[in-house]
Amino acid sequence: MIISFLLYFQWDGFSAKSDQNKIHSIQQDIFIEHHNNQFYIKQIIPSLSGGNYTIDWPQAANNRECLNENNQCQWTNDEKTNVKIKSGKITLKYTINMEDESTLLLKNWVAKFNNQQVAASKVHLIESIS
């Protein structure tokens with residue numbers, strides 16, 4: 001009986017910790033608009049589970065925003081990398097400057113959530129004509 005209790009206690013603790021580190025799959029739509037040497041990027045994730053997340057922003061990202069269905073997300077640090085999110089639709093917005101022709105090929109230009117694996121992405125490219 002005691003051995004059964006100890007085994008249950010260990011398994012329960014292990015499975016609870018395992019669920020916290022579980023990687024979830026998400027789908028996203030990415031809109032990239034080029035205008036006046038800037039890329040305006042908007043990532044829309046239609047359904048994200050509620051919780052605390054770390055966002056890995058692109059190094060060149062400026063003007064970072066996170067919006068949920070009602071208003072802005074709740075940042076938990078000044079660097080805007082840690083955020084508390086209620087479940088639902090999430091939109092990330094940011095800009096990347098195109099300073100010269102070498103930035104024409106973008107690398108590391110998508111923001112990523114920790115413990116979230118992207119299952120599918122739709123990319124929409126928009127070229128503004130001025």
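**Exercise 1.** How many bridges join strand S3 to strand S6, and do the two strands run parallel or antiparallel?

*Solution.* The model is predicted. Take the residue ranges to begin with: S3 covers residues 51-56 and S6 covers residues 82-85. Between them there are four bridges, and the strands run antiparallel. One of the residue pairs can be named: Tyr53 has Val83 in S6 as its bridge partner.

**Exercise 2.** Work out the strand order of the open sheet of four strands, and find its edge strands.

*Solution.* Strands of a sheet pair through backbone hydrogen bonds.

- Step 1. S3 is joined to S6 by four bridges.
- Step 2. S3 is also joined to strand S8 (residues 112-113), by two antiparallel bridges. Here Ile55 has Phe113 in S8 as its bridge partner.
- Step 3. S6 is joined to S5 by two bridges, again antiparallel. Trp75 stands opposite Val83 in S6.
- Step 4. The order is S5-S6-S3-S8, with antiparallel pairing. S5 (74-75) and S8 are the edge strands, since each pairs on one side only.

**Exercise 3.** Describe the largest pocket: its volume, and the residues of its lining.

*Solution.*

- Step 1. The volume is about 210 Å³.
- Step 2. The lining holds 13 residues, and those closest to the pocket centre are Asn68, Asn70, Asn71, Ile85 and Lys86.
- Step 3. The elements that give two or more residues to this lining are S6 and strand S7 (88-97).
- Step 4. Sorted by class, the lining has seven polar, four charged and two nonpolar residues.

Conventions: Residues numbered from 1 in each chain as written. Predicted model: local features only at pLDDT ≥ 70, side-chain atom pairs only at ≥ 80, totals over all residues. Heavy atoms only, no water. Pairing = 2+ DSSP bridges. 1 Å grid on protein atoms, 1.4 Å probe; cavity = no way out; pocket = protein on both sides within 12 Å on 5 of 7 lines; lining within 4 Å. Points joined across faces, edges and corners; volume = space filled by probe spheres on them. Nonpolar A, V, L, I, M, F, W, Y, C, P; charged D, E, K, R; others polar.
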